[in-house]
Amino acid sequence: MRKFNMKRFFRRKSSREVARDRLKILLISDRVNCSPEMMELIKTDIAKVISKYMKIDSTNMEIQINTKGKGNRGIKNPTLYANIPILDLRK
Amino acid sequence: MSNSEVIVITSGKGGVGKTTTTANVGTGLAKMGKKVCLIDTDIGLRNLDVVMGLENRIVYNLVDVVEGNCRVKQALIRDKRNPGLYLMPSAQTRDKSAVSPGQMVKVIEHLKEQFDYILLDCPAGIEQGFQNAIAGADRALIVTTPEVSAIRDADRIIGLLEANGFKQMDLIINRLRTDMVRKGDMMSASDVVDILAVPLLGIIPDDENVVVATNQGEPLVGHDCPAGRAYSNVVRRIQGEEVPFLSTEKGFSFWTKVTGIFHKA
């Protein structure tokens, strides 16, 4: 834990790494060809369904389309990840 | 000649070196004894003629051919320095809609009979000019620089080419500065190849001789300078030869990754 913090503290990311990381994230959304509006709609629908069964923190939930595996330029098998904080497992 | 190869040089973003690459690769192929035709498909903003130093010899252009104002042969300008190298210039006073993809295919089919290689210099963007340029091509060279904006556009272009059924796409990374890569201030060639996942055909170092060559209207392929050597290697790789990457071409920790992708092609 401490090592991790030290590392972050002393070593600033080089602009090369920043560029690479920004591009990787940018291209995922570019390749998926899915508008932010549509992502928002999917998110609210998922929240609605899950809320039927448990209490969730819908303001802090996140969904993201990621690419699974390489080689197909990542476009062939996109995966939808949902990160939904649960407040109470019982309704 | 039925086994001629039609290659489109494209990038999405403007100003990354499509025209320079077309001029150098074409000249390089001609220097190796191939019959080469360069077609400038950027209607309204032609530039390949000046980079080649042939701007004073234009009589007819691509639009004249398409509209039937002249025969294909009349629009071809022969390069005096390299026998076997011809340029079909674009029209300067018209716009992209003057030519359709179908018409491009027809012109290319006609040229295929006389040339080993037909190189199409694609305009920037993804509109009609791009559609025209890729219509008759069976192979693509994607030019990019190690910058976020150029790589993003290149990725988009690769997606569009895939959607159009292109099987063979190769990457040329232009204007790489190894000194900046070493300092961590520029993405390395392997970073770019990792992100775009397209086989690498060449790395052209940032070289001021390119500017000088463009000033003079004479491609520098084969000249004794970093970019000249890099373009020579690209020309040899296009013909299927396996040429190791120059030490000046690569950044660090680069070799294994690139060869991995390179051999898959």
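Student: What pattern does chain A follow along the sequence?

Tutor: Read along the sequence, chain A follows α-α-α-β-β-β-β. Helices (H or I, at least four residues) and strands (E, at least two) are DSSP runs numbered from the N terminus. This is a predicted model, in which local features need pLDDT of at least 70 and side-chain atom pairs count only at pLDDT 80 or more, while totals for chains, interfaces and linings use all residues. Residues are numbered from 1 along each chain as its sequence is written, and chains are lettered from A and ligands numbered from 1 in the order in which they are written.

Student: How many residues of chain A and of chain B does the contact take?

Tutor: Two residues are in contact if their C-beta atoms, placed from the backbone, lie within 7 Å. The contact takes 14 residues from chain A and 13 from chain B.

Student: At what angle do the axes of helix 7 and helix 9 of chain B cross?

Tutor: Axes are lines fitted to C-alpha atoms, for helices over the stretch in contact, with angles from 0 to 180 degrees between N-to-C directions. Here helix 7 (residues 148–163) and helix 9 (residues 189–196) of chain B have axes that come within 10 Å and cross at roughly 35°. In helix 7 of chain B, I151(B), A154(B), D155(B) and I158(B) meet V192(B), I195(B) and L196(B) of helix 9 of chain B.

Student: Which residues does I118(B) contact?

Tutor: Leaving aside neighbours within four places in sequence, I118(B) is in contact with S4(B), V6(B), C37(B), I39(B), I108(B), L111(B) and K112(B).

Student: What percentage of chain A counts as buried?

Tutor: A residue is buried if 20 or more other C-beta atoms, placed from the backbone, lie within 10 Å of its own. Of the 91 residues of chain A, 5% count as buried.

Conventions: Buried ≥ 20, exposed ≤ 12 C-beta atoms within 10 Å, placed from the backbone.
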